[in-house]
Amino acid sequence: MLKKAIHKFIIGTGFAAVAYLCLITAGIGPTTTTWFNTLSVLGLGGVMGLISMLFAFDEYNFFFLIALHFITTVGIVRIMMLINNWKFSFETFVIIILIYIIIWVIYYIDQWTQVQRVNEALRKRR
């Protein structure tokens with residue numbers, strides 16, 4: 001369980017780092033970065049990764065878990081923006097939704113690829 005939590009934290013940190021760099025590059029994020037900004041993004045990104053452990057609860061409806069994950073993620077992003085004194089607007093919310101969708105697409109492709117590799121390995125064993 002701890003190993004899985006550490007893995008999810010690291011994955012969340014990686015996604016947060018990429019999103020942060022993309023926002024800065026696009027001129028949407030902060031124009032200057034500080035150690036506090038960077039560490040808060042990485043730390044809270046890791047927390048967002050931990051939140052994805054919600055999907056281990058098979059007894060709940062998948063769409064309920066996605067909604068809960070999304071609301072929690074937006075809440076964490078909002079906290080991050082508050083502690084860094086970053087502007088939150090409708091445009092920001094739309095960008096958060098787009099980033100959320102992009103991350104889900106990347107995650108889906110990664111999972112699909114892993115399933116294909118496992119299936120191929122199983123086929124070769126037969």
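Start with α2 and α3. Their axes come within 10 Å and cross at roughly 165 degrees. That angle is over 145, so α2 counts as roughly antiparallel to α3. The crossing is right-handed.

Which residues make this contact? From α2 we have F36, S40, V41, L44, V47, M48 and I51. Across from them in α3 sit H69, T72, T73, I76, V77, M80 and I83. By class, that is ten nonpolar residues, four polar and no charged.

Before the next pair, let me step back. This is a predicted model, so please keep that in mind throughout. The protein has four helices and zero strands. Reading from the N terminus, the order is α-α-α-α. The C-alpha trace spans about 55 × 30 × 30 Å along its principal axes.

Now α3 and α4. Helix α4 covers residues 90-125. The axes of α3 and α4 come within 11 Å, and they cross at roughly 130 degrees. That makes α3 oblique to α4. Again we have a right-handed crossing.

On the α3 side, the contact uses F62, I66, H69, F70, T73, V74, V77 and M81. On the α4 side, look for T92, F93, I96, I97, Y100 and W104. The count here is eleven nonpolar, three polar and no charged residues.

Notice H69, T73 and V77. In α3, these residues are listed in the contact with α2.

What does each helix bring? α1 supplies K8, F15, A19 and L23. α4 supplies I95, I99, I103, I106 and Y107. Eight of these residues are nonpolar, none is polar and one is charged.

Next, the core. As a general point, nonpolar side chains tend to be buried together in soluble globular proteins. In this model, the largest nonpolar core has 13 residues. Which of them touch the most other members? Those are V41, I76, V77, M80 and W86. Two or more core residues come from each of α1, α2 and α3. For your sequence view, α1 is 2-25, α2 is 35-51 and α3 is 62-83. The biggest share comes from α3, with five residues.

Take V41 as a close-up. Set aside its neighbours within four places in sequence. What is V41 in contact with then? The list is A16, Y20, M80 and W86. V41 is also one of the α2 residues meeting α3, and M80 is on the α3 side of that contact.

Two whole-protein numbers to finish. Of the 126 residues, 26% are buried.

α2 runs roughly antiparallel to α3.

Technical notes:
Residues numbered from 1 in each chain as written. Predicted model: local features only at pLDDT ≥ 70, side-chain atom pairs only at ≥ 80, totals over all residues. Heavy atoms only, no water. Core = buried A, V, L, I, M, F, W, Y, C linked by side-chain atoms within 4.5 Å. Buried < 20%, exposed > 50% of the residue type's maximum accessible area, 1.4 Å probe, protein only. Contact = heavy atoms within 4.5 Å. Axes fitted to C-alpha atoms, helices over the stretch in contact; angles between N-to-C directions. Parallel < 35°, antiparallel > 145°, perpendicular 65-115°, else oblique. Left-handed = near helix turned anticlockwise from the far one by under 90°. Nonpolar A, V, L, I, M, F, W, Y, C, P; charged D, E, K, R; others polar.
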